[in-house]
Amino acid sequence: MSWGTELWDQFDNLDKHTQWGIDFLDRYAKFVKERLDIEQNYAKQLRNLVKKYCPKRSKDEEPRFTSCLSFYSILNELNDYAGQREVVAEEMAHKVYGELMRYGQDLKAERKHHLQEGRKAQQYLDQCWKQMDNSKRKFERECREAEKSQSTYERLDNDINATKSEVEKAKGQFYLRTHMADESKNEYAAQLQNFNAEQWKHFNNAIPHIFKNLQDMDKRRTVKLGETYRSFAEAERRVIPIISKCLEGMVSAAKSVDDRKDSAIVIESFKSGFDPPTDFPFEDFSQNLNRTGSDGTISNTPKGERDRDGAPAPRSDPKHLTSRTKNKLWLFGKKPKAPSLEDFSHLPPEQRRKRLLHRIDELNKELQKEMDQRDALNKMKDVYEKNPQMGDPNSLQPKISETICNMEKLRSEIHKNETWLSEVEGKQSSRGDRRHSADNHHHAPQGRESPEGSYTDDTSQEHHTPHHRSAPAQPNADPHEFDDEFDDDDPLPVIGHCKALYSFGGQNEGTLTMAENEVLYIIEEDKGDGWTRARKQSGEEGYVPTSYVEITMEKNSKGCS
């Protein structure tokens, strides 16, 4: 069915209908715009949520528990899900909303053009009708004037009193009016014929053609709406497989939670490497009391601890007991706070070993990068030397020198950390022997324990931190350990020299104070206890931590091994 044949007289209604169609298209475009805004806001809120709960610390500091890793995997999947919502919004923006806006503009321009053609055709037909109507009115008016002149002529012709001139004048007027009426009649007939022809063209050619164009335009609008409806749904359906994978990833992350593995990680993370504390010894403070059988008291003193001669046994040192108690109680209570040190000596042995291993690994990676950069610069320098036009080889020398300097610094750092690591591993291997020794004697040696974090009330033995750079942990030093070392009058021969890498306070008796970069003479090598005997240029002698100095032994000296 065609609008041109069925609706030839409904121009105004078709004008309203096509306007309604464009308004509906604009309304649907507005709906799509609000829908994609919802998708964009939803995706943005999801991404902000993921960002809020994602770990802000580095990966090394994050827990390795499967429950945490699974949650982070879920956050990653949710972030991907948010990305798919953004894809839906982009698809709707470009393939639906953008297409509707472009098509709507074209549709409005096309409708305006067709309606203008229809109005022009109607105006032309109205103009033809006015011309025909004017000629009709003129013909009617001329006919009335001709009838009047005819009546006047007949009246004067029959009047005997009328003169001949009056009759002739009336006759001439009658002929003139009759002629004019005939001309008006011919003009009216021509205008009527022309109007009828234009009217036929208007309603059989012009209007049907214009209405057909409007009908085609309205059909295309309807088809475009159907296509955008489908595109609207396709934008959502295309991301369903990826969204399903995101949800499957969340389910897989949930299944990967392992309580046993998390428990093992807790043990690995917090295992100190210390041995459980030994039993406290019984200390009998009643040994100095004279007891007789008549006082009715049964002695609780172990028989083996009484002196055969009746003399009282030596009393335990209360200060020593208090020190031992403080050294061990933190294992069951609150551990005292310790400053974070470069050698991690504030950590338990096991944790210290892990941190040192990790640092050595990172330093080795940095060293490898510097070595690769050095090799690359050397290759580039060789190319410049062979092809001077490509560049000046001397311009690379500062960078090569800087790289070599960085390599030396990294090697020094690696050596320093490996020294600390060897110290930790050596102490861990000997801890079992010390434990058996402690079980036999029922008390720990007096003084400061190893620097893995044990508590001590001796403030004079606190770990000394240099001013210029952090120093490795000092070996254990007993306050009276070196008392008898300097009784000999004969000075020991010099077997080498050393350079202080760090400053050392020498607070213990028998130790030697030294400043960073100070050069000392070696007079006795380290015997495995972590101390080296040295002599200053002023003649002062004492022990310094071996890890604090860089030693160079004399090849011809007797002490050189």
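A search of the whole predicted model finds 33 salt bridges. Several can be described residue by residue.

Arg-144 has 44% relative accessibility and counts as partly exposed. Glu-140, at 43%, is partly exposed as well.

A further salt bridge links Glu-524 and Lys-527, with the closest N and O atoms 2.7 Å apart. Glu-524 counts as buried at 13% relative accessibility. Lys-527, in contrast, is exposed, with a relative accessible area of 68%. This pair belongs to a network. Through salt bridges that share partners, Glu-524, Lys-527, Arg-533, Arg-535 and Glu-541 are joined into one group. Side chains of opposite charge can pair when their charged atoms come close.

The overall architecture is as follows. The protein chain contains nine helices and five strands. Read from the N terminus, the order of elements is α-α-α-α-α-α-α-α-α-β-β-β-β-β. The chain has 561 residues, and buried residues make up 33% of them. The accessible surface of the chain comes to about 36100 Å². Carbon and sulfur atoms account for 51% of that surface. Contacts were also sorted by sequence separation. Among those between residues at least 6 apart in sequence, 74% join residues at least 24 apart.

Nonpolar packing was examined next. In soluble globular proteins, nonpolar side chains tend to be buried together. The largest nonpolar core has 34 residues. Those with the most contacts inside this core are Tyr-28, Val-32, Met-92, Leu-100, Phe-211 and Leu-214. Four helices each supply at least two core residues: α2 (11–53), α3 (66–158), α4 (164–237) and α5 (240–255). Helix α3 gives the most, with 12 residues. Val-32 illustrates the packing. Leaving aside residues up to four places away in sequence, Val-32 touches Met-92, Val-96, Tyr-97, Leu-100 and Phe-232. A second core is separate and has 15 residues. Its members include Ala-500, Met-514, Trp-531 and Val-544.

Leu-49, Tyr-53 and Phe-71 make a nonpolar surface patch of about 290 Å². Leu-49 lies in helix α2. At 41% relative accessibility, Leu-49 counts as partly exposed, because this value falls between the limits of 20% and 50%.

Cys-128 is buried, at 4% relative accessibility. Cys-498 is likewise buried, at 1%.

Note on methods. Residues numbered from 1 in each chain as written. Predicted model: local features only at pLDDT ≥ 70, side-chain atom pairs only at ≥ 80, totals over all residues. Heavy atoms only, no water. Core = buried A, V, L, I, M, F, W, Y, C linked by side-chain atoms within 4.5 Å. Buried < 20%, exposed > 50% of the residue type's maximum accessible area, 1.4 Å probe, protein only. Contact = heavy atoms within 4.5 Å. Patch = residues over 30% accessible without salt bridge, like charges linked within 9 Å, V, L, I, M, F, W, Y side chains within 5 Å. Areas by Shrake-Rupley, 256 points an atom, 1.4 Å probe, with all protein chains shown as cover. Salt bridge = Lys/Arg side-chain N within 4 Å of Asp/Glu carboxyl O.
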